[in-house]
Amino acid sequence: MTKEKARPESDDFGGMSRGGAAFLVAVVALGHPWQALRELFTALRRLARRTSRLAMAPAALVAAVLWSRQRDRRPTFEDYLHGGREESGPPG
């Protein structure tokens with residue numbers, strides 16, 4: 001049996017440590033602040049859009065199921081029995 005090699009924590013970014021990668025990103029962001037800000041807003045907008053899609057997915061699924069049930073509703077025996085009239089409430 002061979003054991004898989006465990007990757008060292010300091011070697012996650014192509015041989016660069018996480019601290020070194022964070023430092024490099026900070027230097028580039030400070031060198032071009034407006035471009036970094038624009039990219040940050042773009043990334044936040046994408047994240048917000050994806051989050052809203054994930055949050056709305058269950059509601060959309062329920063709405064689709066309910067809509068399909070209403071759309072494909074065929075007349076039942078009770079519909080034929082009542083002659084298509086709708087009961088709007090208790091008689092009186």
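## Burial and overall surface

Of the 92 residues in the protein chain, 1% are buried. This description concerns a predicted model. The accessible surface of the chain amounts to about 9,300 Å², and carbon and sulfur atoms account for 61% of that area.

## Secondary structure

The protein chain contains three helices and zero strands. Followed along the sequence, these elements give the pattern α-α-α. Helix H2 covers residues 33-71, while helix H3 covers residues 77-82.

## Confidence of the model

The mean pLDDT over the protein chain is 79, and 73% of the residues reach a score of at least 70. Confidence is highest in helix H2, at a mean of 89. Helix H3 has the lowest confidence, with a mean of 82.

## A nonpolar patch

Six side chains are named in the nonpolar part of the surface: Trp34, Leu37, Leu40, Phe41, Leu44 and Leu47 make a patch of about 660 Å². One of these residues, Leu40, is found in helix H2.

Leu40 has a relative accessibility of 45%. A residue is partly exposed when this value falls between the limits of 20% for buried and 50% for exposed; Leu40 is therefore classed as partly exposed.

## A positively charged patch

The surface also carries a patch of positive charge, in which Arg45, Arg46, Arg49 and Arg53 gather. Among them, Arg46 lies in helix H2.

The relative accessibility of Arg46 is 58%. Because the class of exposed residues begins over 50%, Arg46 counts as exposed.

Leu40, a member of the nonpolar patch, is partly exposed at 45%, whereas Arg46, a member of the positive patch, is exposed at 58%. Both residues belong to helix H2, the helix in which confidence is highest.

Definitions and conventions. Residues numbered from 1 in each chain as written. Predicted model: local features only at pLDDT ≥ 70, side-chain atom pairs only at ≥ 80, totals over all residues. Heavy atoms only, no water. Helix = DSSP H or I, 4+ residues; strand = E, 2+ residues; numbered from the N terminus. Buried < 20%, exposed > 50% of the residue type's maximum accessible area, 1.4 Å probe, protein only. Areas by Shrake-Rupley, 256 points an atom, 1.4 Å probe, with all protein chains shown as cover. Patch = residues over 30% accessible without salt bridge, like charges linked within 9 Å, V, L, I, M, F, W, Y side chains within 5 Å. Salt bridge = Lys/Arg side-chain N within 4 Å of Asp/Glu carboxyl O. Lys, Arg positive; Asp, Glu negative; His and termini not counted. Charge placed at Lys NZ, Arg CZ, Asp CG, Glu CD. pLDDT = per-residue confidence, 0-100.
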